[in-house]
Amino acid sequence: CALGPALLFVKTSQGKEEGRRFYACSACRDRKDCNFFQWEDEKVSETKLAAREEYNRTHQPSRTHRQNVERYKNFVLLPLAKRRFCQECQQLLLPEEWGEHSNHQLLYEISTAQLQSPSQLLYPLENKKTNAQYLFADRSCQFLLDLIIDLGFRRVLSVGTPRLHEMIQSKASKEEAFRVRSLLLDIDFRYSQFYTEDEFCHYNMFNHFFFAGEAALETCRRFLCQDSGERVIMVTDPPFGGLVEALASSFKRLMAMWKDTEKEDAVSQEMPTFWIFPYFFESRILEFFPSFTMMDYQVDYDNHALYKHGKTGRRQSPVRIFTNLTPRMIVLPVEEGYRFCAICQRYVSSGNQHCEMCNSCTSKDGRRWKHCFLCKKCVKPSWFHCNNCNCCGLPTHACEKAAAGCFVCGQAGHKRSSCPSLSRS
């Protein structure tokens, strides 16, 4: 489709072991955004293929990345009074284009500081089923950058983290001694107006697709190549509604590129990574990356009503950092209430108390969890053990729902994703 290779899905029905497989858009979960659909066994006619190619062609950006870079060079040469940005078209305007946008809402006198912070100039794409472009708050962004520097990394592969990328770029342009470099991989092509082809690659993280083809792939490969001992780390902040399996597949391919370019023996290593995602996806992430550990640090966002730091109880941000680095190396700010657990050998939130039964700091959401001796694990403080379900849950839960079992085979004890009746490739 217009966003690169489609993914293979399966349509299942209650009680049926086998479902029919089909291809659909990798990035858009809403058919209104991309209506690509094809059964796996469907024979597509030449007419339909031609129509699809024409549709994909007309849904590509009107300018190439190189053309946008040339426009940017001309734009920065303009005096401040002639620097304009069209908010409706989301693009920088050259004087000869003003007439076409005379009825649009414009921003005037675009400063150098604004050009260095495009994420604040551009409208965030907040469609939860497609982009979900939530941007790091300054607190979290600065923490991540400080942590990256303290850990000795000098190159950052910023996958879907435009605000971290622009903070690095801005500091590099202002501070001569600042040695960190960043390459942004993002599906939002609007950033090509502000960054060169060595600073930004148009990339779909759900199918590992570089829109500019081999040239962009080579740019990424060059960036990952070990250069005078500079260490590289991947920092990624995917849309939370995205399929973990698809994301993990792409990240493994980026890691494989790093392994291929690494001069030293990296056979037993993974590229150092910070995957920023909600804590309730922990089991899914660990399924694909068993070496990862979830940190207690709460990541917050400027343009998300709920994911804010400093709130209490269930209102706290559920977003965490998953990493394959040694947990004790990730030093969390003591002034924000984090402390070091000598037994777990990692920093934890103040409410995360060590459980002697589990031999771990078990809280996931920042509250103090309690140990259930019947379940043999710690559970949320609001949960109670239900003798009917033989597990813990909210006091208001409906027991009959627990008895419904798997969607595919109807048996209790597992969900559809882990059903033994489904063959998993």
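A residue is called buried under 20% relative accessible area, exposed over 50% and partly exposed in between, with a 1.4 Å probe and protein chains only. K376 is exposed, because its relative accessible area is 71%. The structure is a predicted model, in which local features need pLDDT of at least 70, side-chain atom pairs count only at pLDDT 80 or more, and totals for chains, interfaces and linings use all residues. Residues are numbered from 1 along each chain as its sequence is written, and side-chain values use heavy atoms, with hydrogens and water left out.

## Overall composition

Of the 425 residues of the protein, 47% count as buried. The protein holds 10 helices and 22 strands; these are DSSP runs numbered from the N terminus, helices being H or I of at least four residues and strands E of at least two. Contact means heavy atoms within 4.5 Å. Among contacts between residues at least 6 apart in sequence, 56% join residues at least 24 apart.

## The nonpolar cores

A nonpolar core is a set of buried Ala, Val, Leu, Ile, Met, Phe, Trp, Tyr and Cys residues joined through side-chain atoms within 4.5 Å. The largest one has 77 residues, and L157, L164, L185, L254, F274 and W275 touch the most other members. Helix α8 (residues 244-261) supplies the largest share of this core, nine residues. The core lies between domain 1 (7-59) and domain 3 (138-350), because both give residues to it; the domain bounds come from an automatic or database domain assignment.

L185 illustrates the packing. Not counting residues up to four places away in sequence, L185 touches L157, S158, V159, G160, C201, Y203, F210, C220 and L254. Another core lies apart from the largest one and has 15 residues, including L122, F189, F194 and F200.

Helix α6 (residues 162-174) has 13 residues and spans 18 Å from its first C-alpha to its last, close to the 18 Å expected at 1.5 Å a residue. The expected span is 1.5 Å times one less than the number of residues in the helix. In α6, the buried residues are P162, R163, L164, H165, E166, M167, I168, Q169 and S170. They pack against α4 (118-121), α5 (138-150), β7 (153-159), β8 (181-186) and β11 (231-236).

## Charged residues and salt bridges

A salt bridge is a side-chain nitrogen of Lys or Arg within 4 Å of a carboxyl oxygen of Asp or Glu. The whole structure contains 20 salt bridges.

| Pair | N to O distance |
|---|---|
| R21 and E40 | 2.8 Å |
| E70 and K73 | 3.5 Å |
| R139 and E336 | 2.9 Å |

R21 lies in strand β2 and E40 in the loop between β3 (37-39) and α1, so the pair ties together parts that are 19 residues apart in sequence. R21 counts as partly exposed at 40% relative accessibility, and E40 counts as partly exposed at 36%. E70 and K73 both lie in helix α2 (residues 65-77), three residues apart, about one turn of the helix. A network of salt bridges links R63, R71 and E97.

R52, in helix α1 (residues 46-58), is buried yet has no salt bridge. The nearest side chain of opposite charge to R52 is that of E42, 5.9 Å away; here Lys and Arg count as positive and Asp and Glu as negative, while His and the chain ends are not counted. Leaving out residues up to four places away in sequence, R52 touches F36, Q38 and V44.

Y23 lies in strand β2 (residues 20-24) and counts as partly exposed at 28% relative accessibility. Beyond its neighbours within four places in sequence, Y23 is in contact with A6, L7, L8, F36, F37, Q38 and E40.

## Backbone details

Which phi does Q345 have, positive or negative? Q345 has a positive phi of about 60° although it is not a glycine. Q345 is placed in the loop between β15 and β16 (346-348). K376, also a residue other than glycine, has a positive phi near 60°, and its place is in the loop between β19 (370-372) and β20 (377-379).
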